[in-house]
Amino acid sequence: MKKDLRGHVVKIAEFLGRNLTAEQIDEVTANCTFTAMKENPATNMSRDPLMQEKVFKRGRERGIEFVRKGKVGDWRNWFSPQQLERFEAFHREKMAGTDLTFEDED
């Protein structure tokens, strides 16, 4: 989706049987960017003032975000080499025999 957000908005609208104008597609696309969703309290609970105080206070004090960077594949940087190796082995085992693939680089 990150590579062609607008194209995916069109595909989802078609799947839902909705005929959107170019202006509506542009508006949905703008609201679905990572930056817009990160700043929107409806899609990022850590931006909601009540949730900030009740749930995310400790994380905010430590500089931890509920919605982080929006970088494809950055999750790998949070794993140790051993964890990454275990995850990749698990993933290969569970995905064997499927044609489902993931692009995890920009």
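In which helix is the place of Thr 29? In this predicted model, Thr 29 belongs to helix H2, which covers residues 22–31.

**Surroundings of Thr 29**

Thr 29 has a relative accessibility of 15% and therefore counts as buried, the cut-off being under 20%. A polar atom of the Thr 29 side chain lies 2.7 Å from the backbone oxygen of Ile 25. When neighbours within four places in sequence are left aside, the residues in contact with Thr 29 are Leu 5, Arg 6 and Val 9.

**Helix H1 and its packing**

Helix H1 spans residues 5–15, and its buried residues are Leu 5, Gly 7, Val 9 and Ala 13. These buried residues of H1 pack against H2. After H1 comes Gly 17, with a positive phi near 75 degrees.

Two packed helices are described by the angle between their axes and the distance between the axes.

| Property of the H1 and H2 pair | Value |
|---|---|
| Packing angle | about 115 degrees |
| Distance between axes | 9 Å |
| Handedness of crossing | right-handed |

**Residues in the contact**

From H1, the contact involves Leu 5, Arg 6, Val 9 and Val 10. From H2, Ala 22, Ile 25, Asp 26, Val 28 and Thr 29 take part. By class, the residues of this contact are six nonpolar, one polar and two charged.

Note on methods. Residues are numbered from 1 along each chain as its sequence is written. This is a predicted model: local features need pLDDT of at least 70, side-chain atom pairs count only at pLDDT 80 or more; totals for chains, interfaces and linings use all residues. Side-chain values use heavy atoms; hydrogens and water are left out. Helices (H or I, at least four residues) and strands (E, at least two) are DSSP runs, numbered from the N terminus. Buried means under 20% relative accessible area, exposed over 50%, partly exposed in between (1.4 Å probe, protein chains only). A polar contact is a pair of N or O atoms within 3.5 Å; within protein, one must be able to donate a hydrogen and the other to accept it, and residues adjacent in sequence count only if both atoms are side-chain atoms. Contact means heavy atoms within 4.5 Å. Axes are lines fitted to C-alpha atoms, for helices over the stretch in contact, and angles run from 0 to 180 degrees between N-to-C directions. A crossing is left-handed if the near helix is turned anticlockwise from the far one by less than a right angle, and right-handed if clockwise. Ala, Val, Leu, Ile, Met, Phe, Trp, Tyr, Cys and Pro count as nonpolar, Asp, Glu, Lys and Arg as charged, and the others, Gly among them, as polar.
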